[in-house]
Structures are given as C-alpha cells and as structure tokens.
Amino acid sequence: MTAILEPDIGQLTIVQTMLHGSVAFKTIEELDAHIAASPHEFAVVIGPTVDVDSAMSFAKWARIHRPDLGVILLRRSVDHDVLTTALRNGMREVVEASDLAGITTAVHRARSVASEIAKTIEVDAQAAASSAMAQAKADVAAAQAAADAPQGQVLTVFSTKGGVGKSLIAVNTAMSLSQGGKNVCLIDLDVNSGDVAIMLQLTPARTINDLVAFNGVVDEGAIASILTRHSDRLAIVAAPVRLDSPDHATAVDIGKMIDMLKAMFDFVVIDTSGVFDDNALTALDRTDTIILVATLDIPALKGLKLATGTLDLLNFPRDTWKFVLNRADGKVGLSTDEFESTLGLKADISLVSSREVLSAVNRGEALVRAYPSHPNSKAISALAMSFVKADDGDSAGSRAAGSRLRLRRG
C-alpha cells in the first residue's frame with residue numbers, strides 16, 4: 001500500500017488515479033497516525049502543494065525510525081537545489097508532479113527497496129537471536145563448569161590469644177597435606193606480624209599487599225604472581241614484610257583471592273591475626289573448617305571462651321570446628337579435663353611441650369618434616385589426614401563453588 005499526502009483535491013485525484021489501492025491524507029497529522037498504525041507501509045508520496053519544511057521534517061523522521069519506508073517528493077519542477085536538499089534530508093526520490101510514469105516507477109522501486117530492507121532486518125534479527133542464544137548457552141555452560149569444578153577446602157586457624165602455637169599449627173597442617181600429595185596454599189593473614197614465611201625459611205618477593213596493584217581484578221594470573229613457592233605442592237601468600245607499607249589489601253580483594261585459590265588448590269590453609277577484623281571475618285566466611293588453638297592456661301582459656309562465644313553469635317556451626325590443645329602436658333594447676341569442661345569443647349588433638357618444636361621453628365623447618373616420628377608430628381598429620389578423608393569422601397565428588405557465607409543472627 002502507498003500513502004499520499006496532498007491537501008489539494010485536484011492534484012490528489014491525479015496521483016491517486018495512477019496509484020491503485022493507495023490511501024490519501026490531507027494533513028501531516030493524519031499521515032503520522034496512519035504510519036504509526038501501518039508497520040508494513042512501504043511508500044509515502046508527498047504532493048507538490050505540501051510545504052517544504054513539513055515534507056523535509058517527515059523525511060528526516062522516516063530515515064531514522066522507518067528506514068524501510070520510501071518517501072517520494074513531488075514538485076512542480078525539480079532543479080539541482082531542490083534535489084540536493086531533498087536527498088540530504090532523507091527523501092528516497094524526487095519526481096516532477098507531471099511525470100505520472102515516473103511516479104509509478106518510483107513507487108515500484110520503493111516497494112523493492114522496502115522488501116530488501118525487510119529481508120536484511122529479518123536476517124540480522126535471526127543472526128542476533130542466534131548469537132544471543134549461543135552466548136546464553138555458553139554462559140550457562142561456563143557457570144555449570146564453574147559449579148562442577150572441584151573446589152579446595154579452606155581451613156582457617158584461629159585464636160584470640162597470641163603465643164599459643166597458631167602459626168605452628170597452620171604451617172604444619174599445610175606441610176602435612178602437601179606431603180600427603182595434596183596441592184596446598186598457605187595464606188598468612190596476620191598482616192602486622194605474620195611469621196609463616198620465616199617459619200618455612202622463605203624470602204617472599206611479593207606479599208598479600210601486592211593485591212592492591214591489580215585494582216580489584218584478582219584472577220588466576222594475579223594470584224600466581226604473588227605466590228611464594230616452598231615446593232611443587234606447597235605455596236604461600238606471605239604477610240607484608242614491612243609495617244609501613246603504603247598500600248594494604250582490602251577485605252574484598254582478600255575474599256576474591258581466597259575464592260580463586262579454592263579453584264587452584266586442593267586445600268587453602270589460613271593463618272589469622274587472632275582478632276575478629278575484616279580480614280579474619282572474610283576468611284571465616286569462606287571456611288570449611290575452623291581450627292581453634294589454645295594452651296593449657298587461664299588466659300588462653302579466657303580468650304578461647306570469648307572466641308567460641310563470638311563464633312556462636314555469628315552462627316558458625318560447631319560441627320565445623322576443630323580444637324587443638326597445645327602444650328597439654330604442662331603442670332600448671334589446670335588439667336585438660338577442666339579446660340575442656342569449662343570451654344565446652346573436646347580437644348581433637350593434644351600436643352606436648354617439646355624442645356624439638358622450637359628447634360624446628362628456629363631452623364625454618366616444619367616439625368612434621370624435621371621430626372616426622374615426633375608425637376606432635378603424628379598428631380598434626382592425623383588431623384590433616386582427617387580433612388583429606390572428608391574431602392575424598394564428598395559424595396558429590398567436588399566441593400560447592402562460591403563462598404559459603406555464614407548466616408548472621410538478627
């Protein structure tokens with residue numbers, strides 16, 4: 001169908017006689033309403049008595065909003081200026097009003113052009129739809145692959161009192177797991193006085209604060225660049241070696257790092273600072289097992305009692321806790337039974353006082369490696385192997401992807 005805009009009845013009759021089946025309008029408003037209601041209209045013939053400004057305005061609109069609509073301008077005479085101005089403003093053709101054959105030919109051409117444009121639009125739409133569908137399928141497949149990918153266990157060693165052997169447990173647990181054939185990353189989150197690197201006789205070139213340089217883009221490449229290797233199966237993320245570092249890794253970056261490390265390693269062991277700061281909470285939020293450490297003395301008992309109360313308040317389930325009682329053989333007037341009864345926790349392993357422990361620390365060696373037959377080494381190794389058995393016994397064959405955030409009580 002063709003629409004004709006021409007207020008002059010005589011001129012309108014002549015044009016409409018040439019264009020069978022056309023519809024005629026006397027005002028631009030009537031034409032606008034028709035075009036809005038006729039998405040398949042392919043041509044508009046604007047008669048010679050329509051003022052130039054209205055004709056050009058409509059042609060500009062059609063060029064942007066209806067590129068398939070051919071706008072044909074009729075003028076009593078066509079000179080270079082009229083032709084140039086019309087085509088520049090979006091007219092498909094300009095024809096002399098007296099050239100009736102030319103008008104018919106122009107309308108036929110408009111029909112052909114509209115048909116080709118419609119085909120192109122349809123092909124483009126189909127291609128876009130296919131591309132969007134393919135991208136959606138790829139996104140779903142990638143998400144499923146990430147969900148199905150094995151995720152490492154996160155073990156966080158925690159105590160609110162210093163000097164109880166927290167770093168000793170973290171280092172030796174990580175070493176035991178690596179000696180058992182697991183790929184392990186040990187993170188030192190004690191950013192003010194971390195000892196992990198020195199306890200393994202390592203001199204890190206990069207530390208956790210170097211996460212700042214990646215501007216929040218913490219991917220596998222970024223992680224790999226800050227790792228310090230102890231062996232093929234054990235790597236560490238070291239604490240800062242300087243207290244006056246101008247940049248400090250944020251808790252958000254640390255969370256991203258832990259999430260990425262879970263996909264890169266079988267186990268991620270985290271040594272914390274001993275306070276419930278943002279870094280510790282970020283680690284605990286992503287933790288599968290919390291390893292609590294204390295020594296057989298009243299200050300340690302008090303500190304651990306406060307820690308367990310806070311963990312309860314934050315809704316960390318107790319079945320994810322392990323308790324290590326260090327120097328449990330001390331004759332200090334407080335028995336293991338009294339300690340456990342007051343705390344409300346049974347020790348999963350108990351370690352004895354030994355000069356071999358300090359000797360290994362001073363040599364920069366893990367106790368389980370320096371003295372594998374030592375009772376403490378055997379106890380820590382047994383604890384580490386319990387995590388391996390739990391991991392191997394996962395019925396799904398892989399650990400759930402993403403952070404397992406705690407549910408805070410309101």
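User: What makes a set of residues a nonpolar core?

Analyst: A nonpolar core is a set of buried Ala, Val, Leu, Ile, Met, Phe, Trp, Tyr and Cys residues joined through side-chain atoms within 4.5 Å. Buried means under 20% relative accessible area, exposed over 50%, and partly exposed in between (1.4 Å probe, protein chains only). The largest such core here has 63 residues, and Phe323 and Phe339 are among those that touch the most other members. This is a predicted model, so local features need pLDDT of at least 70 and side-chain atom pairs count only at pLDDT 80 or more, while totals for chains, interfaces and linings use all residues. Residues are numbered from 1 along each chain as its sequence is written, and side-chain values use heavy atoms, with hydrogens and water left out.

User: Why is the pair of Phe323 and Phe339 called stacked?

Analyst: Rings of Phe, Tyr and Trp (its six-membered ring) pair if their centres lie within 6.5 Å; planes under 30 degrees apart count as stacked, over 60 as edge-to-face and the rest as tilted. For Phe323 and Phe339 the centres are 6.0 Å apart and the planes at 15°, so the pair is stacked.

User: What makes the pair of Phe58 and Trp61 tilted?

Analyst: Their planes are 35° apart, with 6.0 Å centre to centre, so the angle falls between the stacked and edge-to-face limits.

User: How do you know whether Trp61 is buried, partly exposed or exposed?

Analyst: Trp61 has a relative accessible area of 36%, which means partly exposed by those cut-offs.
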